[in-house]
Amino acid sequence: MTDCIFCRIINGEIPSKNIYEDPEILVFHDIRPLAPTHFLILPKKHIESLATCEESSESLLGRMLLLAPKLAFEQGLKGFRTMINTGSEGGQEVFHLHIHVFGGAKTLPKT
Ligand code: 5GP
Ligand code: ZN
């Protein structure tokens, strides 16, 4: 048991609307979308934030980032915004690293 909500989603304890999965990465739609399309790219391994990533995570981070355009275009977007909140002062609420991808609106959220 873990109290990390994203680990619980990865373990299948909480449902999610997944759009991509591989052995290292899971991508699902945000439960409270801030844009018409809003999904989250996260490592299956629990990493608290970008600030706690080690050099050994370099290729994982690269793979996560490269999925953003691939999945955004598959979702029909022509452009998108990415965001990584880091630490509570950086607006992070779920302490399991994730990349937000927003799109589908001319006015995108500023937060
Ligand atoms: P943060 O503020 O940590 O960068 O973003 C956390 C995001 O996770 C928020 O946009 C929030 O809506 C989303 N979120 C929180 N709990 C759940 C959940 O149980 N399922 C899904 N799909 N998204 C969640
Ligand atoms: Zn976790």
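Phe39 is buried, at a relative accessible area of 0%; buried here means under 20%, exposed over 50% and partly exposed in between, with a 1.4 Å probe and protein chains only. Phe39 belongs to strand β3, residues 37–43. Helices (H or I, at least four residues) and strands (E, at least two) are DSSP runs, numbered from the N terminus.

Before going on, some housekeeping. This is a predicted model, so local features need pLDDT of at least 70 and side-chain atom pairs count only at pLDDT 80 or more, while totals for chains, interfaces and linings use all residues. Residues are numbered from 1 along each chain as its sequence is written, chains are lettered from A and ligands numbered from 1 in the order in which they are written, and side-chain values use heavy atoms, with hydrogens and water left out.

**Around ligand 1**

Now for the ligand. There are 16 residues around ligand 1, and Asp30, Glu93, Val94, His98 and His100 come nearest. A residue is near a molecule if one of its heavy atoms lies within 4 Å of it.

| Residue | Polar atom of the residue | Distance to an oxygen atom of ligand 1 |
|---|---|---|
| Asp30 | side chain | 2.5 Å |
| Glu93 | backbone | 2.7 Å |
| His100 | side chain | 2.8 Å |

Taken alone, ligand 1 exposes 520 Å², and the protein buries 89% of that. Accessible areas come from the Shrake-Rupley method with a 1.4 Å probe, and for residues only the protein chains shown count as cover.

The space that ligand 1 takes is the largest pocket. On a 1 Å grid over the protein atoms alone, a pocket is an open set of points with protein on both sides within 12 Å along at least five of seven lines. A molecule sits in a pocket if more than half of its atoms lie within 2 Å of its grid points.

Two or more residues of the shell come from each of α1 (5–10) and β2 (25–29). The top contributor is α1, with three residues. Sorted by class, the shell has seven nonpolar, six polar and three charged residues.

**His98 and its contacts**

His98 sits in the loop between β4 (81–83) and β5 (99–103). With 7% relative accessibility, His98 counts as buried. The His98 side chain reaches the backbone oxygen of His96 at 2.6 Å. It also makes a polar contact with the side chain of His100, at 3.5 Å. A polar contact is a pair of N or O atoms within 3.5 Å; within protein, one must be able to donate a hydrogen and the other to accept it, and residues adjacent in sequence count only if both atoms are side-chain atoms.

**A few other positions**

Ile84 is also in the loop between β4 and β5. Is Ile84 buried or partly exposed? At 33% relative accessibility, Ile84 counts as partly exposed. Its C-alpha lies 18 Å from that of Glu24, 60 residues apart along the chain.

Ala68 is part of helix α2, residues 58–74, and is buried at a relative accessible area of 1%. Ala68 and Arg81 are 13 residues apart in sequence, and their C-alpha atoms are 9.3 Å apart.

Ser57 lies in the loop between β3 and α2, where its relative accessible area of 4% makes it buried.

Technical notes:
On a 1 Å grid over the protein atoms alone, a cavity is a set of points where a 1.4 Å probe fits but cannot get out, and a pocket is an open set with protein on both sides within 12 Å along at least five of seven lines; lining residues have an atom within 4 Å of a point. Ala, Val, Leu, Ile, Met, Phe, Trp, Tyr, Cys and Pro count as nonpolar, Asp, Glu, Lys and Arg as charged, and the others, Gly among them, as polar.
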